[in-house]
Amino acid sequence: MLGEKHQLLDDFPDHRATINELVDSDHDFGADAQRYNALDEEIRQLELDSSPISDEEMHQKKHDRSELKDSLYQRILKAEQ
């Protein structure tokens, strides 16, 4: 769906406490979470503006967001063990 938000806390509401704890205590996680949310917002705006970039650039941004999301999720799960 175009323009859909994928903020970290929206995508993983069951892990809200862990995410907030990691953002506060793990500088690298916090920086990556901020980068993920910024990239998500950029993609969302591009979609709402009818994607004023090439398909390849949009694909790369979405790929980067997906990889970052996977990495963050694995770190969330590890912190909950």
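**Helices H3 and H4**

I started with the packing of H3 (residues 27–48) against H4 (residues 55–80): their axes come within 10 Å and cross at roughly 145 degrees. For the record, axes are lines fitted to C-alpha atoms, over the stretch in contact for helices, and angles run from 0 to 180 degrees between N-to-C directions. Helices here are DSSP runs of H or I with at least four residues, strands are E runs of at least two, and numbering goes from the N terminus.

This is a predicted model, where local features need pLDDT of at least 70, side-chain atom pairs count only at pLDDT 80 or more, and totals for chains, interfaces and linings use all residues. Residues are numbered from 1 along each chain as its sequence is written, and side-chain values use heavy atoms, with hydrogens and water left out.

I then checked the handedness: H3 passes H4 in a left-handed crossing (near helix turned anticlockwise from the far one by less than a right angle; clockwise would be right-handed). On the H3 side they include Phe29, Ala33, Tyr36, Leu39 and Ile43, and on the H4 side Met58, Lys61, Leu68, Leu72 and Ile76. The contact residues divide into ten nonpolar, no polar and twelve charged. In that count Ala, Val, Leu, Ile, Met, Phe, Trp, Tyr, Cys and Pro are nonpolar, Asp, Glu, Lys and Arg are charged, and the others, Gly among them, are polar.

**Whole chain**

I counted four helices and zero strands, in the pattern α-α-α-α along the sequence. The C-alpha trace spans about 40 × 20 × 15 Å along its principal axes. Of the 81 residues, 28% count as buried (under 20% relative accessible area; exposed is over 50%, partly exposed in between, with a 1.4 Å probe and protein chains only). I also looked at contacts between residues at least 6 apart in sequence, and 67% of them join residues at least 24 apart.

**Core and aromatic pair**

Which residues make up the largest nonpolar core? I found ten: Leu8, Phe12, Ile19, Leu22, Phe29, Ala33, Tyr36, Leu68, Leu72 and Ile76. H2, H3 and H4 are the elements giving two or more residues to this core. A core here is a set of buried Ala, Val, Leu, Ile, Met, Phe, Trp, Tyr and Cys residues joined through side-chain atoms within 4.5 Å.

My search for aromatic pairs across the whole structure gave one. Phenylalanine 12 and tyrosine 73 are stacked, 4.7 Å centre to centre with 20 degrees between the planes. Pairing takes Phe, Tyr or Trp rings (six-membered ring for Trp) with centres within 6.5 Å; planes under 30 degrees apart are stacked, over 60 edge-to-face, the rest tilted. Phenylalanine 12 is in the loop between H1 (8–11) and H2 (16–25) and tyrosine 73 is in H4, so the pair ties together parts 61 residues apart in sequence. Phenylalanine 12 is buried at 12% relative accessibility, while tyrosine 73 is partly exposed at 27%.

**Isoleucine 53 and lysine 61**

Isoleucine 53 is in the loop between H3 and H4, partly exposed at 22%. Neighbours within four places aside, isoleucine 53 is in contact with Leu46, Met58 and Lys61.

Lysine 61 and leucine 39 are 22 residues apart in sequence and 7.4 Å apart, C-alpha to C-alpha.

Technical notes
Contact means heavy atoms within 4.5 Å.
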